[in-house]
Amino acid sequence: AAAATASSASSSPVETGKFRDEFSELQKLFCVLEESERKAYNPRTLCKIYTMEKETLNPCEQKDMTEFFTDLTSKLEEMTPSLRSMVQTLFRGVMTNNVVSLDCSHVSRTCEYFYSIRCPVKDMKDLHEALAEVTVKD
């Protein structure tokens, strides 16, 4: 999905506006990983310009993946309407909560969008089992 994101994003570059430098570095990172024979990319330049909570990223400091992913997708969505649509298409899911009445056949449904799901992976045989645990009926 990451390589597809770079290819799609590179067809409509962000020339000006918020997060232009971050976007340019992300494009470079994904293009190198997609087109190069190298298996790794040094993110030093991206870390120098990418900010979270008004601080640049320190590659020697561990960060929470969910916080970084949320920050990154939020920034991408703010850039252009086409990037917003692409991020939503690639990463957004819908969680439906169904409440069934015990007294009648009424079912109440609420939907909420999400970009990530926390699920237990310890002691699970695979990701499918972990996701099944998240969707279990109460």
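Arg118 is in contact (heavy atoms within 4.5 Å) with Asp64, Thr66 and Val134, once its neighbours within four places in sequence are left aside. You'll find Arg118 in the loop between β4 and α6, and at 65% relative accessibility it counts as exposed. For the labels used here, buried means under 20% relative accessible area, exposed means over 50%, and partly exposed is in between, with a 1.4 Å probe and protein chains only. Helices (H or I, at least four residues) and strands (E, at least two) are DSSP runs numbered from the N terminus.

Bear in mind that this is a predicted model: local features need pLDDT of at least 70, side-chain atom pairs count only at pLDDT 80 or more, and totals for chains, interfaces and linings use all residues. Residues are numbered from 1 along each chain as its sequence is written, and side-chain values use heavy atoms, with hydrogens and water left out.

**Around Arg118**

- Arg118 and Thr66 sit 52 residues apart in sequence, yet their C-alpha atoms are 9.0 Å apart in space.
- The side chain of Arg118 also meets that of Asp64 in a salt bridge, at 4.0 Å from N to O; the term covers a side-chain nitrogen of Lys or Arg within 4 Å of a carboxyl oxygen of Asp or Glu.
- That pair ties together distant parts of the chain, 54 residues apart: Asp64 is in the loop between β2 (55–56) and α4, while Arg118 is in the loop between β4 (107–114) and α6.
- Asp64 is partly exposed, with a relative accessible area of 33%.

**Overall layout**

- The chain has six helices and four strands, and along the sequence they follow the pattern α-α-α-β-β-α-α-β-β-α.
- Of its 138 residues, 22% count as buried.
- Among contacts with a separation of 6 or more, 33% come from residues 24 or more positions apart.
- The accessible surface comes to about 10,400 Å², with 52% of that belonging to carbon and sulfur atoms; areas are from the Shrake-Rupley method with a 1.4 Å probe, and for residues only the protein chains shown count as cover.

**Helix α2**

- Lys28 forms a salt bridge with Glu25, with the closest N and O atoms 3.0 Å apart.
- Both partners lie in α2, three residues apart, or about one turn of the helix.
- Lys28 is partly exposed at a relative accessible area of 41%, whereas Glu25 is buried at 8%.

**Helix α4**

- Phe69 has its place in helix α4 (residues 65–79) and is buried, with a relative accessible area of 18%.
- Not counting residues up to four places away in sequence, Phe69 touches Phe91 and Tyr115.
- Phe69 and Tyr115 are 46 residues apart in sequence but 8.7 Å apart in space, C-alpha to C-alpha.
- Lys75 and Asp71 are separated by about one helical turn because they are four residues apart in the helix.
- An α-helix has 3.6 residues a turn, so residues three or four places apart point the same way.
- Lys75 counts as buried, at 7% relative accessibility.
- The structure holds four salt bridges in total.

**Nonpolar patch**

- Ile117, Val121, Leu127, Leu131 and Val134 make a nonpolar surface patch of about 400 Å². Patches are built from residues with over 30% relative accessible area and no salt bridge, joining like charges within 9 Å and nonpolar side chains (Val, Leu, Ile, Met, Phe, Trp, Tyr) within 5 Å.
- Leu131 lies in helix α6 (residues 127–134) and is partly exposed, with a relative accessible area of 34%.

**Cysteines**

- The structure holds zero disulfides, a disulfide being a pair of cysteine sulfur atoms within 2.5 Å.
- Cys60 is in no disulfide, and the nearest cysteine sulfur, that of Cys47, is 9.1 Å away.
- Cys60 is exposed, with a relative accessible area of 75%, while Cys31 counts as partly exposed at 31%.
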